[in-house]
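Let's take a walk through this structure together. Have the sequence and the model open beside you as you read.

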Amino acid sequence: MIIASIHPPSACNGVDHVYWAASPQGDFTVKSAYDLLDQSRVQERDSYWKIAWSWKGPQSIKIFIWLVLHNRLKTRAELATRRLNIEPSCERCGAGLENTIHVLRDCPYSKAVWLRLLRGNNHQYFFQSNLADWMSANLQVQSTSVGNKLWRVIFGVAIWRLWFWRNRFIFTKDHWESSAIALDIKVRAAEIQRCNSSLTATVKSRVEKWIRWGAPTWPWVKLNTDGAKKPSGHAGAGGLIRDYRGVWQISYCANLGCCSVTSAELWGLFHGLSIAWLHGYRRVIVEVDSRCILQLVSNSNPTINEHLSLITAIQELIGRDWLIQMNHIYREANAAADFLATYSLVFPVGLHYFQSPPLNLLTILNNDVSGVAHSRLVLL
Ligand SMILES: [Zn+2]
């Protein structure tokens, strides 16, 4: 390919000489070499992005695919390179290096699962390629056949579940047979495929929108709040404030005991506004993912209902001498507040502040600040 794109030498062109194609003068410079390398990295990043986000299925798996493509899994090999006091070997099979391709494909425990999933298919090259080629070959659309689309779904679910089972083994020593894991993967993939098919049927009336959290402009800060309720009836609220750089400032959560989800969301908003006021913020963009909450607090003449005192308290806060912008966002852009609302349930009843972001929140904060987008079908 490269040779084909170069014009062949000819006597008319004078004496042949070495020419560095990455700079206009033909001279080699370190800067031009760096630029060349960086250009290919950008193209690589773009193609990884497309592979991950074109996969049809739950966001959690898309994010997982994205992490794998960027080699971000915390395998033992990866942890060992960070000089953590850890052996890089595989705890399951004893192989010398537990890297991403080993966990997801080459470890005998994973391989046994793949052989069950690949049954009847040609898998001559399946176990030979490197991680990036293996991922793109199995996740990209190569044909429109139903079988090919289903394989993409199975593959995405499989790597996600194989990582889950690897972690389960490491932390609890629990191990399932390959037949049971393969069945678990097939059942989940079939369910996703069913959802994909029904979405395709209704897709004409909807349009795909990319949803992402965005930092406010200086000098505003952004307050995201949310409420959550478990099937057990337990409810919690949570929220956080970030500045114009997207940098975490404060987060809080409140275990509310048993109450409605509307109450939980109102509590999330109330605590968030109170905290923002107490910390001296005077320009605050507030984002919630419930239109109902926005309607309740924007009604200047609220009807008498169980939430009235809370709504009145929120309205009193909003009416103070500061600038407040109340916005609705899709829940995909409110993941950090949603996490904190659910996280509240591991604490005793009451309000809790965090001196630093909880560890499990860090991934969401990183995704938000780096602009990770989630696709959502919204009505036209
Ligand atoms: Zn292994």
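How many disulfides does the structure hold? The structure holds 0 disulfides, where a disulfide would be a pair of cysteine sulfur atoms within 2.5 Å. A disulfide is a covalent bond between the sulfur atoms of two cysteines.

A word on the ground rules before going further. This is a predicted model, in which local features need pLDDT of at least 70 and side-chain atom pairs count only at pLDDT 80 or more, while totals for chains, interfaces and linings use all residues. Residues are numbered from 1 along each chain as its sequence is written, and side-chain values use heavy atoms, with hydrogens and water left out.

Now for the overall layout. The chain has 13 helices and 8 strands; these are DSSP runs numbered from the N terminus, helices being H or I with at least four residues and strands being E with at least two. Of its 380 residues, 42% count as buried. Buried means under 20% relative accessible area, exposed means over 50%, and partly exposed lies in between, using a 1.4 Å probe and protein chains only. Contacts (heavy atoms within 4.5 Å) can also be sorted by sequence separation: among those between residues at least 6 apart, 66% join residues at least 24 apart.

Some of the cysteines bring us to the metal site. The zinc ion has as its protein donors C90 (SG), C93 (SG), H102 (NE2) and C107 (SG), at 2.1 to 2.3 Å. Donors are N, O and S atoms within 2.8 Å of the metal (3.2 Å for Na, K and Ca), and water is not among the atoms, so sites may look incomplete. Along the sequence, the donor residues follow the spacing C-x2-C-x8-H-x4-C. The arrangement is tetrahedral because the 4 donor atoms subtend angles of 100 to 116 degrees around the zinc ion; four donors count as tetrahedral if all angles lie between 85 and 135 degrees. H102 is buried, at 8% relative accessible area, and C107 is buried too, at 0%.

Leaving aside residues up to four places away in sequence, S110 touches R92, H102, V103, L104, R105 and L162.

Next come the aromatic rings. The structure holds 19 aromatic pairs. One of them joins F164 and W165, an edge-to-face pair with 5.1 Å between centres and 85 degrees between planes. Rings of Phe, Tyr and Trp (its six-membered ring) pair if their centres lie within 6.5 Å; planes under 30 degrees apart count as stacked, over 60 as edge-to-face and the rest as tilted. F164 is partly exposed at 32%, whereas W165 is buried at 5%. W165 also pairs with W176: the centres are 4.3 Å apart and the planes at 35 degrees, so this pair is tilted. It links W165 in helix α7 (residues 146–172) with W176 in the loop between α7 and α8 (178–202), 11 residues apart. Elsewhere, W114, F126, F127, W134, W151 and F155 form one aromatic cluster.

Finally, look at two arginines. The charged end of R161 sits over the ring of F164, 4.2 Å from its centre, and R242 lies over the face of W213, 3.8 Å from the ring centre. A charge sits over a ring if NZ of Lys or CZ of Arg is within 6 Å of the ring centre and within 35 degrees of the ring normal.

Technical notes. Tetrahedral: all angles 85-135°; square planar, octahedral: opposite > 155°, others 65-115°.
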